[in-house]
Amino acid sequence: MWEGNVWPSDPNYIPQTGMERCLRLRRRSSRSCLERPVILLPDTSHLPPEHSDVVIVGGGVLGLSVAYWLKKLENRRGGIRVLVVERDHTYSQASTGLSVGGICQQFSLPENIQLSLFSASFLRNINEYLAVTNAPPLDLQFNPSGYLLLASEKDAAAMESNVKVQKQEGAKVCLMSPDQLRNKFPWINTEGVALASYGMENEGWFDPWCLLQGLRQKVESMGVFFCQGEVTRFVSSSQRMLTTDDEMVILKRIHEVHVKMDHSLEYQPVECAIVINAAGAWSAQIAALAGIGKGPPGTLQGTKLPVEPRKRYVYVWHCPQGPGLATPLVADTSGAYFRREGLGSNYLGGRSPTEEEEPDPANLEVDHDFFQEKVWPHLALRVPAFETLKVQTAWAGYYDYNTFDQNGVVGPHPLVVNMYFATGFSGHGLQQAPGVGRAVAEMILQGSFQTIDLSSFLFNRFYLGEKTQEDNTM
């Protein structure tokens, strides 16, 4: 028994009531600090929060852009809790940091032109969007040297048609004959060139690493959470439903994301309302975890996300006799491309392989023979000064390649109703990230695209077989 403020003399006595436990804790707290046992709490700073309104899988520029626009467009400050999960905290293999950083409006589709026009405005006013108190202003090192696309006789009519669409959308692009080309760029050999298109404004290249770091710094200041780890599982609920065609479909809703911590068997479950799949080249794996594509062939349930990693090489070379400071990014009729890199007579470029030449994406090793056999001959033909170039270095990076129509996938999945996509841009995701992030945020917060209608980029097109083909990719 316990009476008043006198503790029982039995040292093994365990207080039974809440008041007894409270008094014993108070009595212990009055002892000297030296007498108290030291209790070490586990470090949980590396763990994601247990609850988040939105979980973004992938912390590259597309994922960060979605995070930025969600926070910028939220109705009240702190109203949306956002978590970004990125497995490569160094970004050593991320497509963003390994890209050549180009921006251009010379696409065949109005949607892509509009996205890149908005991105040009975003990048031009970067510090109005991404400024952080007490942080130095961002310098993207934008080089407004334009894109120069070359077309053979076979592709001249398509180029002419594309430029007409580009001008209708507000892009400043002009067509050039071979004679005009030689007059403006005398270092070009125009053999095999029937027509060229040249971007006169809002085109060139910038530092992609600066954009990545600027976005990350900004969203952290806006309250976005970050976690280094890998998404390994989704916990979801299901509901059967009949379509208007009397087809039975299963609707799923993700309730929980399991995040495996780096270098550990430990994982953290995160309850959420929405998942953004911005995992780039690996976004099909994330989609499969949610059950996407796990159904009978030819059905909506059995339709997979057709995005896969494709390895692309970038080579840097030195050529003192090269085209010089006024060099735009040149896309040759052969598919080879190059641009100036810095001010020291250096250039970078490459070429997308054919389907038969596609390299194994299992690693990022560089094939130097590919340059010697598949790139250099085309460069030297187009720019005779490149006969004497000396390769300095090279690297490889990944495209999140959409095998269906080489175009982005944006917006919700029709069956996994709270998974949204921002992926599959096949080489132009970096330059279109500002507009894509805004579009996904609009869809989540307002239920539809508000500024640029990206309905043709929805997942449904894969099931319906309706291609949104982009002809101008490198």
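Of the 474 residues of the chain, 49% count as buried, a class defined by a relative accessible area under 20%, with exposed meaning over 50% and partly exposed lying in between (1.4 Å probe, protein chains only). The structure is a predicted model, in which local features need pLDDT of at least 70, side-chain atom pairs count only at pLDDT 80 or more, and totals for chains, interfaces and linings use all residues. Residues are numbered from 1 along each chain as its sequence is written, and side-chain values use heavy atoms, with hydrogens and water left out.

The accessible surface of the chain comes to about 22,900 Å², and 51% of this area belongs to carbon and sulfur atoms; such areas come from the Shrake-Rupley method with a 1.4 Å probe, and for residues only the protein chains shown count as cover. Along its principal axes, the C-alpha trace spans about 105 × 60 × 40 Å. The secondary structure comprises 11 helices and 17 strands, taken as DSSP runs (H or I, at least four residues, for helices; E, at least two, for strands) and numbered from the N terminus. Among contacts (heavy atoms within 4.5 Å) between residues at least 6 apart in sequence, 73% join residues at least 24 apart.

Helix α2 (residues 61–73) takes part in two helix pairings described here. The axes of α2 and helix α10 (residues 429–446) come within 7 Å and cross at roughly 40°. Axes are lines fitted to C-alpha atoms, for helices over the stretch in contact, and angles run from 0 to 180 degrees between N-to-C directions. The angle makes α2 oblique to α10, since angles under 35 degrees count as roughly parallel, over 145 as roughly antiparallel, 65 to 115 as roughly perpendicular and the rest as oblique. By class, the contact of α2 with α10 has 14 nonpolar, three polar and two charged residues. Ala, Val, Leu, Ile, Met, Phe, Trp, Tyr, Cys and Pro count as nonpolar, Asp, Glu, Lys and Arg as charged, and the others, Gly among them, as polar.

Helix α7 (residues 208–221) packs with α2 at an angle of about 30°, their axes 9 Å apart. This crossing of α2 and α7 is left-handed. Among the residues that meet are Leu64 and Tyr68 in α2, and Leu211 and Arg216 in α7. The contact of α2 with α7 has eight nonpolar, one polar and two charged residues.

Several loop residues were also examined. Serine 152, in the loop between β4 (147–151) and α5 (156–168), is buried at a relative accessible area of 18%. Not counting residues up to four places away in sequence, serine 152 touches Gly192, Ala194 and Thr333. Glycine 295 lies in the loop between α8 (283–289) and β11 (307–318) and is partly exposed at 26% relative accessibility.

Most residues other than glycine have a negative phi. Glutamine 141, however, has a positive phi of about 55°; this residue lies in the loop between α4 (126–130) and β4 and is exposed at 52% relative accessibility. Serine 426 likewise has a positive phi, near 55°. The loop between β17 (419–423) and α10 holds serine 426, which is buried with a relative accessible area of 3%.

Conventions: A crossing is left-handed if the near helix is turned anticlockwise from the far one by less than a right angle, and right-handed if clockwise.
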